[in-house]
Amino acid sequence: MPLMVEQFMCRSDNFGVLLHDAASGETAVIDAPEERPILEAVERTGWRPTVILTTHHHPDHVEANLALKERFGLEIVGPKAEAAKIPGIDRTVVDGETFTFSGRPVHVIETPGHTAGHVCYHLPEDRLLFVGDTLFALGCGRLFERGPAEMYASLSKLVALPLETTVYCGHEYTLSNARFALSVDPTNSALKERAEEIERLREAGRPTLPTTLSLEMSTNPFLRWHDPVLRRNLGMEGASDEAVFAELRKRKDVF
Ligand SMILES: [Fe+2]
């Protein structure tokens, strides 16, 4: 039976996610941005959390760690490189490691860029990927602790995963990301269609996530460094993929 997922809003634009195996009753919380909406989701679903999978140390991803640990006695998993900044952490993970959630493999993919030790969690059997603040719908994370070369390498690892993978991200930033994406790739018909759909969803107060790697590959400029039209728009036909990515990130920072 596939894992069940409950996605909900926390704070102003963070996503909370519960991941549940009905057979075993085990439930993972993907990051812990805010206690109250997480407790409401637990109440709504009846899924008692057994573990928190932390993507990175930022306060809006770990704020509810200790409160949830006290209430549910759960285990907290997170990146080794950021362990000192993750409240209540019990078990550290590193790049390339596989552990199990409810008997299913979870692959740890280190994706430095937004933070130095950021990790993503890939559950290949259920085709699920939790990317925190590394990748967003139509965007990518800001480079706070590492540079564009590291982030390019990190995103390259994610796009090597199967295209039909479902992607859950840390924030609802899609509408503003769409405006930037259209500014650099205005003739991309898949992007134009998606931007219209995003407007409709946001007007209706609905989330634009999750997404898929396939959809991001066709519309997200931060994964389209290879695309000849995008390169021409940037005046970077002969540049390296990494340089195209770095230019996009720089432009988005001041957009
Ligand atoms: Fe963050």
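This is a predicted model: local features need pLDDT of at least 70, side-chain atom pairs count only at pLDDT 80 or more; totals for chains, interfaces and linings use all residues.

Trainee: What makes the approach of the side chain of Ser 102 to the side chain of Asp 21 a polar contact?

Mentor: The distance given for that pair of side chains is 2.6 Å, and a polar contact asks for N or O atoms within 3.5 Å, one able to donate a hydrogen and the other to accept it. The side chain of Ser 102 makes another polar contact, with the side chain of Ser 24, at 2.5 Å. When residues up to four places away in sequence are not counted, Ser 102 touches Asp 21, Ser 24 and Glu 26.

Trainee: How do you know whether Met 1 is buried or exposed?

Mentor: The relative accessible area of Met 1 is 70%, and since exposed means over 50%, we conclude that Met 1 is exposed. Met 1 belongs to the segment before β1 (4–10), and, leaving aside neighbours within four places in sequence, Met 1 is in contact with Ala 22, Ala 23 and Arg 104.

Trainee: What is the value for Asn 65, and what is the conclusion from it?

Mentor: Asn 65, found in helix α3 (residues 65–72), has a relative accessible area of 0%. Because the limit for buried is under 20%, Asn 65 is buried. Apart from neighbours within four places in sequence, the residues in contact with Asn 65 are Ala 32, Ile 52, Thr 54, Ile 76, Ile 86 and Pro 87.

Trainee: Turning to helix α6, how do you know that its span is close to the expected one?

Mentor: Helix α6 (residues 189–203) has 15 residues and reaches 21 Å from its first C-alpha to its last, which is close to the 21 Å expected at 1.5 Å a residue.

Trainee: Which residues of α6 are buried, and why are they said to line one face of the helix?

Mentor: The buried residues of α6 are Leu 191, Arg 194, Ala 195, Ile 198 and Leu 201. Seen down the axis of α6, these buried residues fall within an arc of 125 degrees, so they line one face of the helix. They pack against α5 (174–184), β14 (211–212) and α7 (213–219), whereas the face of α6 turned away from the buried side carries the exposed residues Ser 189, Glu 193 and Glu 203.

Trainee: What makes a space in this structure a cavity and not a pocket?

Mentor: A space is called a cavity because a 1.4 Å probe fits there but cannot get out, while a pocket is open. A search of the whole structure finds 1 cavity of 30 Å³ or more, and about 80 Å³ of space lies in the largest cavity. Of the 13 residues lining the largest cavity, Phe 15, Ile 30, Asp 31, Cys 169 and Gly 170 lie nearest its centre.

Trainee: What is the volume of the largest pocket, and which residues are closest to its centre?

Mentor: The largest pocket has a volume of about 180 Å³. It is lined by 15 residues, with Phe 136, Cys 140, Gly 141, Arg 142 and Tyr 173 the closest to its centre.

Technical notes:
Residues are numbered from 1 along each chain as its sequence is written. Side-chain values use heavy atoms; hydrogens and water are left out. Helices (H or I, at least four residues) and strands (E, at least two) are DSSP runs, numbered from the N terminus. The expected span of a helix is 1.5 Å times one less than its number of residues. Buried means under 20% relative accessible area, exposed over 50%, partly exposed in between (1.4 Å probe, protein chains only). The arc is that of the directions from the helix axis to the C-beta atoms. Contact means heavy atoms within 4.5 Å. On a 1 Å grid over the protein atoms alone, a cavity is a set of points where a 1.4 Å probe fits but cannot get out, and a pocket is an open set with protein on both sides within 12 Å along at least five of seven lines; lining residues have an atom within 4 Å of a point. Grid points are joined across faces, edges and corners, and a volume is the space filled by probe spheres set on the points.
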